[in-house]
Amino acid sequence: AGANFGLLGTHDTYVLSKKPVIAVCAVRTGSGKSQTSRAIAEIYRKHGLRVVGIRHAMPYGNLLKQTCQRFASADDFKKHHTTIEEEEEYQPWIDHGFVVYAGFDYKEIVRQAEKEADVLIFDGGNNDIPFLKPDLLVVVADPHRPGHELTYYPGHVNFLLADVIVINKVDSAPAAAVKLVEQHARQYNQKAPVIRARSDVIVEHPE
């Protein structure tokens with residue numbers, strides 16, 4: 001059909017915002033970036049700031065009708081005809097009392113989210129680079145998969161660009177693996193402070 005494809009860099013893909021943007025991305029999917037996004041959002045809210053989440057693109061339906069989606073309650077799931085995969089990502093934001101935007105047209109999403117936010121938190125997806133140009137880029141690494149921060153694209157790009165690197169799941173990963181990921185962080189991104197984080201497993205009815 002005449003389409004061309006290319007691997008675009010951040011300067012070609014960033015959407016700019018008038019509000020401060022903290023982006024949380026990862027070196028691999030499943031590293032724990034969404035829980036990190038919400039933890040950062042909680043910190044800003046405790047300081048009296050209005051925080052709005054912007055989720056990495058998730059729409060699976062009619063994209064022309066899903067250009068800009070706002071989720072503030074479970075009723076919005078019916079309004080936007082979301083799938084269970086989409087709800088899985090939006091529900092925790094709503095449960096924590098935050099509004100989260102998603103959809104297809106990120107310029108429009110940013111314009112709408114800016115109207116009700118002091119700070120925007122971009123909740124990344126997979127290991128993709130952020131859609132919004134961040135004022136602070138937090139990148140989550142997974143010590144259960146040590147070395148992947150160097151060998152997966154574009155996760156490695158995130159690793160190189162990070163302003164802060166969070167090594168997650170240190171409570172369950174082997175100490176040697178945590179040490180290796182931290183060694184790679186010091187080697188490939190000397191400017192980024194490294195934070196070790198737990199990732200507790202919480203079950204509603206553990207019995």
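Residues are classed here as nonpolar (Ala, Val, Leu, Ile, Met, Phe, Trp, Tyr, Cys and Pro), charged (Asp, Glu, Lys and Arg) or polar (the others, Gly among them). The model is predicted, with local features requiring pLDDT of at least 70 and side-chain atom pairs pLDDT 80 or more, whereas totals for chains, interfaces and linings use all residues. Residues are numbered from 1 along each chain as its sequence is written, and side-chain values use heavy atoms, without hydrogens and water.

**View 1. Lining of the second largest pocket, by class and volume.** Its lining has 11 nonpolar, three polar and one charged residues. The pocket (on a 1 Å grid over the protein atoms alone, an open set of points where a 1.4 Å probe fits, with protein on both sides within 12 Å along at least five of seven lines; lining residues have an atom within 4 Å of a point) has a volume of about 310 Å³, the volume being the space filled by probe spheres set on points joined across faces, edges and corners. Of its 15 lining residues, Thr36, Ala39, Ile40, Val166 and Ala197 are the closest to the centre.

**View 2. Elements around the second largest pocket.** H2, strand S6 (136-141) and strand S7 (164-167) each give two or more lining residues. Helices (H or I, at least four residues) and strands (E, at least two) are DSSP runs numbered from the N terminus. H2 provides the largest share, six residues.

**View 3. The largest pocket.** This pocket holds about 730 Å³ of space. Among its 26 lining residues, Gly32, Ser34, Gln35, Arg38 and Pro92 are the closest to the centre. Six nonpolar, 12 polar and eight charged residues form the lining.

**View 4. Helices at the largest pocket.** Helix H2 (33-46) and helix H4 (84-95) each supply at least two lining residues. The largest share, five residues, comes from H2.
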